[in-house]
Amino acid sequence: MDFPLIAVLAATLTIATPLVWAGLGAIINERAGILNLGIEGTMYAGAFVGFLTASASGSATLGLLAAIIAGALAGSLMGLLTVTLGVNQHVAGIGTTLLLIGACDFSNRILFSAGSQAVTAKFDRLFAGTGFFAQYPMTYLAFLVAAPALWWVLRSSGFGLRLRAVGENPEAADAAGIPVAGTRYTALVLGGALMGTGGAFLTLSLLGSFTLDIVSGRGWICIALIIFGRWKVWPVVAGALLFGFADALQLQLAITPQFGAVPNELLIAFPYLVVIGALAIWGRGVRYPGAYLVPYRRA
Amino acid sequence: MSFTESRPDEVSEAPRALGVPLAELVGITKSFGALRANDSIDLAVAPGEVHALLGENGAGKSTLTRILFGLSQPDSGEILIDGRLTRIASPADARAAGIGMVTQEFSLVGTMTVTENLMLAGVGLGRISRAAARSRVLEAAARLGVTIDADAVVETLSVGERQRVEIVKALFHNCRLLILDEPTAVLVPQDVEILFDSIRRLRADGLGVIFISHKLHEVVAIADRVSILRRGRIVASLPAAGLSPRRIAALMVGAEAIIPDLAEPTEASSDPALDALSTSIGLASSDLPDAATDAPARSSGPVPAPAQTAPAQPAPAQPALRMSKLTLAGPARALLDEVSLTVRSGEIVGIAGVSGNGQTELVNVLCGVTATTSGTVHVGDADITERTVTERLAAGLGRLTEDRRGSVALSLSVAQNLVLEDLNRFRRGPFLDRRRIRAHVADLIERFDIRADPNDPIRSLSGGNMQKVLLARAIDRKPRALVASQPTRGLDVGSCEYVYSQLRALKRAGTGVLLISEDLDELLGLADRIVVIFSGRLIGEVPAHTASRQELGLLMTGHVANPVPPDERAGVTA
Ligand SMILES: Nc1ncnc2c1ncn2[C@@H]1O[C@H](COP(=O)(O)OP(=O)(O)OP(=O)(O)O)[C@@H](O)[C@H]1O
Ligand SMILES: [Mg+2]
């Protein structure tokens with residue numbers, strides 16, 4: 001059997017792309033001490049708003065911008081709930097996700113009755129026909145710009161230092177004159193923007209249209225990847241690639257005649273099983289940021 | 001000497017510093033619920049003045065200084081800097097006004113390096129240069145005459161080392177007013193001297209310093225002016241010149257209670273206030289030419305000095321805690337190197353040493369926080385080397401660890417923390433017997449004079465009160481062996497004496513106590529014999545009644561006259 005390795009590896013990158021975008025956003029959030037379970041809804045909002053704007057304006061770039069703004073707004077909503085109001089982060093996050101998905105589905109039904117799948121302006125692959133390198137611009141940006149940039153920011157910038165301090169020991173950060181609430185808001189807005197970008201990749205690059213349940217748990221996968229990658233950029237990217245590879249492999253096997261006997265459901269579950277397995281092996285005994293889940297209030 | 005004059009008078013009689021004060025607090029009031037932590041406090045610090053702030057645990061010292069540093073907002077009152085009304089809403093404002101602070105509980109980010117921690121204050125958003133900051137850190141440390149490893153991750157440092165980092169941090173950003181909230185609580189005498197030298201140097205440059213300490217002899221040594229807080233109010237503010245530790249203690253505790261006995265400290269006294277006093281004075285070493293100082297700390301309590309009266313006990317008591325060849329491998333060298341030591345029932349064995357020489361590791365190994373590389377630990381006859389923390393507690397091990405905040409559940413209440421280790425005792429069927437818990441907690445709070453409500457979250461307690469909670473919890477279980485690490489760190493004079501009397505009572509009841517302390521006077525006063533730890537090894541032992549500070553000081557810095565070969569060490573200590 002000749003196995004299309006290049007095609008699987010190329011698909012790996014494509015599938016990993018939204019996970020990398022949203023995962024980077026989640027790293028920013030969690031390094032600041034906030035578990036953002038609004039990630040799934042934020043990606044969903046990015047996907048929908050991006051699609052909506054692109055189809056209305058005819059410009060994929062405008063769509064992407066709108067998705068980024070939507071993500072940032074979703075992040076500020078999380079900030080309002082968890083930073084300003086001190087709401088339990090699990091509740092705030094799940095609430096945000098339910099709210100955003102509900103709002104998007106509702107608008108979708110009103111605007112596109114009968115579920116007509118409007119095809120929109122979308123990004124095209126660069127270097128078409130070159131096999132492995134035929135990827136969307138957002139894929140190149142994710143791996144070659146966004147991930148190195150965040151890695152640099154966390155390591156070598158004042159903002160990164162502030163972020164880590166706020167997430168580890170907000171009392172110490174406060175005593176050092178770092179605005180704890182401001183830093184957390186900034187983290188949520190930036191992180192939300194990256195999550196929105198990840199969502200928009202699905203509609204504006206991959207599909208060119210919007211379907212219900214388009215994010216289908218990718219946000220939750222990111223939450224697992226963050227723990228797997230111990231809040232570090234490159235391990236999280238590696239985790240995204242692992243998931244991407246498992247999914248690409250599964251898709252390939254589904255169309256490989258020798259595997260015809262394997263139930264499709266099992267194949268679809270395969271990448272998720274890989275993530276669970278990876279978490280069970282490498283996700284144990286991890287050390288969470290010191291102020292994870294804890295709202296900060298000055299005495 | 002008379003202490004009967006009303007103290008508020010002394011506030012007005014005290015001459016004002018000339019010129020404009022660097023910082024002036026006017027009418028600062030701060031309440032936590034019904035509790036007035038600060039009650040219209042006035043305080044001024046002049047340039048070049050070291051202003052000591054004294055008071056019992058919970059008197060409101062930290063609260064006041066936290067307000068000045070912008071960590072907390074007063075309910076009412078004003079702050080003037082250089083005579084100008086200044087709003088200090090955050091530490092950034094405070095730093096901009098030239099105020100630096102070392103808080104009582106560390107404010108360092110454990111997962112970051114020393115350099116990164118020092119960079120935090122005032123760091124912008126853009127590119128940072130670790131190399132430049134690193135050399136500035138080393139420079140600042142050198143200027144103060146201390147050495148710190150700029151690349152060490154803070155959580156790997158001992159408490160004493162962290163304290164050093166805190167002090168360097170405060171001075172790293174050029175401040176004009178430095179607030180030090182119990183900076184010496186964990187420092188060994190040598191380091192205190194280094195710190196004082198730095199403070200004197202900075203004072204000569206016109207720096208103002210607010211200095212909080214419970215060690216009265218330190219206050220006498222360094223302060224220009226002394227203000228005393230009691231229950232949120234300033235009860236006295238006077239120049240330090242000519243003040244004796246005894247006089248200060250009298251003002252702190254409330255003179256009324258102690259005047260009668262003060263003139264003639266007697267060993268037979270059973271007045272706790274006097275005990276407190278004489279301890280503090282005993283600790284004050286050379287500046288008081290009377291009986292209390294001539295026999296440092298041995299005259300400090302109602303119980304005669306242990307070492308001298310030890311024969312009263314049946315000769316070789318049972319071993320309570322036995323360490324044999326405990327070794328803990330570290331990345332570079334052994335953190336603990338074949339530590340063998342036996343603590344017998346009814347004996348207090350002191351461990352002296354400069355912080356960072358393996359004390360923390362030893363305590364962690366004994367308490368089951370860290371697994372040993374090799375060697376064994378016995379409590380009584382039970383081998384607890386491989387046991388869990390809970391099993392150790394059940395086997396009769398008690399512990400008081402140096403890191404207070406790490407030993408309590410910060411989000412639980414005082415009551416919950418007090419019974420946390422003994423839940424089985426308060427069980428009724430599958431449930432907890434709340435009534436019995438309440439009664440027990442009320443009893444402990446009363447007996448240990450914990451100034452807090454049972455339902456207060458423990459994180460809101462003053463440092464000293466938090467320590468009392470830990471102490472109550474550990475002592476109340478009547479452990480067979482007690483590992484006490486820095487048990488009086490941050491406690492006021494009266495509370496210190498209380499801890500000492502409790503440890504002595506435990507000893508009489510047959511507990512073997514391993515006392516790890518950086519306070520030599522404490523060791524000399526309490527222990528039967530003192531073992532010195534250096535670089536993870538026990539390098540010498542001296543009976544407490546013949547030990548001198550000089551001898552111990554030399555040993556602590558690794559100068560051994562007759563090094564004991566490792567194999568014989570077990571024999572020496574057994
Ligand atoms: N955030 C808070 N919430 C409730 N009560 C508090 C809070 N902070 C301090 N207190 C209370 O205020 C009082 C004064 O506390 P503070 O820490 O100022 O005492 P302190 O003089 O520094 O004592 P110590 O010598 O033990 O450090 C204490 O009774 C303490 O329990
Ligand atoms: Mg205090």
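Which residue forms a salt bridge with Arg130(B)? The partner is Glu116(B), with the closest N and O atoms 2.7 Å apart; a salt bridge is taken as a side-chain nitrogen of Lys or Arg within 4 Å of a carboxyl oxygen of Asp or Glu. The pair links distant parts of the chain, Arg130(B) being in helix H5 (residues 130-144) of chain B and Glu116(B) in helix H4 of chain B, 14 residues apart. Helices (H or I, at least four residues) and strands (E, at least two) are DSSP runs, numbered from the N terminus. Arg130(B) counts as partly exposed at 28% relative accessibility, whereas Glu116(B) counts as buried at 5%. Buried stands for under 20% relative accessible area, exposed for over 50%, and partly exposed for values in between (1.4 Å probe, protein chains only).

The model is predicted: local features need pLDDT of at least 70 and side-chain atom pairs count only at pLDDT 80 or more, while totals for chains, interfaces and linings use all residues. Residues are numbered from 1 along each chain as its sequence is written, chains are lettered from A and ligands numbered from 1 in the order in which they are written, and side-chain values use heavy atoms, with hydrogens and water left out.

Chain A has 11 helices and 0 strands. Its radius of gyration is 19 Å, close to the 19 Å that the globule rule gives for 299 residues, so chain A is as compact as a globular protein of that length. The radius is taken over C-alpha atoms, and the globule rule is 2.2 Å times the number of residues to the power 0.38. The C-alpha trace of chain A spans about 65 × 45 × 35 Å along its principal axes. Of the 299 residues in chain A, 54% are buried. Among contacts in chain A between residues at least 6 apart in sequence, 79% join residues at least 24 apart, a contact being heavy atoms within 4.5 Å.

The interface is considered next. The size of an interface is often given as the accessible area lost when the parts come together. Between chain B and chain A the buried area is about 2,100 Å², and carbon and sulfur atoms give 56% of it. This quantity is the accessible area (1.4 Å probe) that two parts lose on being put together, summed over both. Leu71(B), Leu120(B) and Leu125(B) supply 22% of the area that chain B buries against chain A, more than any other three residues. The contact takes 30 residues from chain B and 21 residues from chain A.

Between chain B and chain A there are 2 salt bridges. Arg287(A) forms a salt bridge with Glu155(B), the closest N and O atoms being 2.9 Å apart. On the side of chain B that touches chain A, helix H3 (91-96) and helix H4 (114-120) of chain B each supply at least two residues.

Over all chains, the count comes to 24 salt bridges. Glu421(B) and Arg399(B) meet in one of 2.4 Å, N to O. Glu421(B) lies in the loop between helix H17 (414-419) and strand S17 (427-428) of chain B and Arg399(B) in strand S16 (residues 397-400) of chain B, so the pair ties together parts that are 22 residues apart in sequence. Arg399(B) is partly exposed, with a relative accessible area of 25%. Glu541(B) and Arg529(B) also meet in a salt bridge (3.3 Å, N to O). Glu541(B) is partly exposed at 28% relative accessible area, and Arg529(B) is buried at 11%. A network of salt bridges links Asp422(B), Arg425(B), Asp443(B), Arg447(B), Asp476(B) and Arg477(B).

Two loop residues of chain B complete the description. His214(B), in the loop between strand S8 (208-212) and helix H8 (216-222) of chain B, counts as buried at 9% relative accessibility. Its side chain makes a polar contact with the side chain of Glu182(B) (3.1 Å). Arg333(B), in the loop between strand S11 (319-328) and strand S12 (336-344) of chain B, counts as partly exposed at 46% relative accessibility. The C-alpha atoms of Arg333(B) and Ser535(B), 202 residues apart along the chain, are separated by 9.2 Å.

How values were computed:
Polar contact = N/O pair within 3.5 Å; in protein donor to acceptor, adjacent residues only side chain to side chain.
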